[in-house]
Amino acid sequence: MEIKKIKISTKDIALMALFVALIIAGGFIKIPTPIVPVTLQVEVALLAGLLLGGVKGGICMLIYLVMGVIGIPVFTAGGGFSYVLYPTFGYIIGFVVGAFAVGASVNCLKKNNKLNGKLKYLWILLVTIGALLIVYAIGVVYMFLIKNFYLQTTMTFASALYYGFVLFLPFDLCGCVVASLVYIKLAPILNKEKQGKEKEQILNSEDSSQQ
């Protein structure tokens with residue numbers, strides 16, 4: 001089985017660093033709620049996957065996760081390995097999986113020519129919402145398990161679903177709409193620049209061979 005190599009350019013590194021910074025900043029822009037605060041992090045994670053692709057977007061979120069676990073105070077309540085036992089840590093895991101999932105889904109849409117027609121925005125929105133559901137599925141289950149089996153505080157799964165997902169659904173659905181629009185606007189620009197650089201590299205290699 002052939003393993004496809006992932007090429008990461010200087011521009012990719014800059015964009016990945018930008019999204020790591022954005023996910024950190026998004027965690028400190030929050031609206032308090034009883035258990036899980038509303039932040040912009042879900043939208044940033046999904047946009048990272050959309051614009052950078054599944055692997056690179058997932059790596060961004062993984063860098064954020066590792067930074068927090070090793071003690072850098074990038075999470076909303078600080079950092080450190082003990083954060084793994086916070087009820088909200090599942091959402092951070094969800095950012096990694098969600099970013100990868102939405103990026104991989106967009107790649108599949110491209111291969112099947114679903115992004116060339118009039119319904120491209122609808123397809124992007126659907127896969128973005130799908131990735132959102134993945135983030136919250138991981139987050140809600142993790143919170144339920146930590147609350148009941150580690151913190152020993154009784155929490156029904158219905159309560160976990162309400163406080164960890166339903167409460168934020170209207171806000172995050174709007175976020176999915178915005179993230180999809182941003183992708184539709186920015187993706188052609190990023191792809192055009194990438195194609196231009198690839199064409200320049202081909203021309204340079206041809207010139208070198210002729211010399």
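Q: In which helix is the place of phenylalanine 149?
A: Phenylalanine 149 lies in helix α5, where a helix is a DSSP run of H or I with at least four residues, a strand is a run of E with at least two, and both are numbered from the N terminus. The model is predicted, so that local features need pLDDT of at least 70 and side-chain atom pairs count only at pLDDT 80 or more, while totals for chains, interfaces and linings use all residues. Residues are numbered from 1 along each chain as its sequence is written, and side-chain values use heavy atoms, with hydrogens and water left out.

Q: Why does phenylalanine 149 count as exposed?
A: Exposed means over 50% relative accessible area, buried under 20%, and partly exposed in between (1.4 Å probe, protein chains only); phenylalanine 149 has 61% relative accessibility and therefore counts as exposed.

Q: Why is glutamate 43 called buried?
A: Glutamate 43 has a relative accessible area of 11%, and because this value falls under the cut-off for the term, glutamate 43 is called buried. This residue is found in helix α2 (residues 41-52).

Q: With which residues is glutamate 43 in contact, leaving aside its neighbours within four places in sequence?
A: With those neighbours set aside, glutamate 43 is in contact (heavy atoms within 4.5 Å) with Phe171, Asp172 and Gly175.

Q: How many helices and strands does the protein have?
A: The protein has seven helices and zero strands, and from the N terminus on its elements run α-α-α-α-α-α-α.

Q: What percentage of the residues of the protein count as buried?
A: Of its 211 residues, 39% count as buried.
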